[in-house]
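Trainee: I'd like to learn how to read a few features of a model. Can we go through them one by one?

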Amino acid sequence: MAESGPLTRFSVSMGATLLQRFDQFNRARGYRCRSEAIRDLIRDELVEQDWQASDEEVAGSITLLYHHHVKGLGENLTALQHRHHGLVLSTMHLHLDHDHCLEVLVLKGPAARVRELADRLLSIKGVIHSRLTVTSTGGRIA
Ligand code: NI
């Protein structure tokens, strides 16, 4: 993500063990300098804070893993998505194996409503795992 305005340099103190782990993390992620890694981590955290604390518009995705054979589950998931059609931009369904389905929903809307839909999808019987990932739709974090 591009920076807006001049960069300010500041120093960070941390213990050797944490720094070693941070450098391993950076190498694994392909970061060539710590500054860029720190900026990305801070942005991630600010996006998370922003959307959880407000009714700001967010974009995001929900990844659902569920049992294919649970009676009525597919219909329940589809019905819930129809009730929130204003939030759901797109869905992708993959038949992972004989017993499991993976569904990815792409969403845009007020943070609180996106969160609520994610929670309700997870609470449906037969949903094994659900992960909500959100990002900002605007320039507040550049
Ligand atoms: Ni399927």
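This is a predicted model: local features need pLDDT of at least 70, side-chain atom pairs count only at pLDDT 80 or more; totals for chains, interfaces and linings use all residues.

Trainee: Which spacing do the donors of the nickel ion follow along the chain?

Mentor: The pattern is H-x1-H-x5-C. In atoms, that is H93 (NE2), H95 (ND1) and C101 (SG), coordinating the nickel ion at 2.1 to 2.4 Å.

Trainee: Is C101 buried or exposed?

Mentor: Cut-offs come before the case: buried means under 20% relative accessible area, exposed over 50%, and partly exposed in between (1.4 Å probe, protein chains only). C101 has a relative accessible area of 2%, so it is buried. H93, at 33%, counts as partly exposed.

Trainee: What does Y66 touch?

Mentor: Contact means heavy atoms within 4.5 Å. Not counting residues up to four places away in sequence, Y66 touches a list that includes H93, D99 and C101. Y66 and D99 are 33 residues apart in sequence, yet 8.5 Å apart in space, C-alpha to C-alpha. Y66 itself counts as buried, at 5% relative accessibility.

Trainee: Where is Y66 found?

Mentor: Helices (H or I, at least four residues) and strands (E, at least two) are DSSP runs, numbered from the N terminus. Y66 is found in strand β1, residues 57-67. For a helix case, take N26 in α1: N26 is buried at 4% relative accessible area, and its contacts, leaving aside neighbours within four places in sequence, are Y31, R34 and A37.

Trainee: How many aromatic pairs does the structure hold?

Mentor: A pair of aromatic rings is described by the distance of the centres and the angle of the planes. Rings of Phe, Tyr and Trp (its six-membered ring) pair if their centres lie within 6.5 Å; planes under 30 degrees apart count as stacked, over 60 as edge-to-face and the rest as tilted. The structure holds 1: F22 and F25, stacked, 6.3 Å centre to centre with 15° between the planes. They are 3 residues apart in helix α1 (residues 16-29), so about one helical turn separates them. F22 is buried at 11% relative accessibility, whereas F25 is partly exposed at 24%.

Methods
Residues are numbered from 1 along each chain as its sequence is written. Side-chain values use heavy atoms; hydrogens and water are left out. Donors are N, O and S atoms within 2.8 Å of the metal (3.2 Å for Na, K and Ca); water is not among the atoms, so sites may look incomplete.
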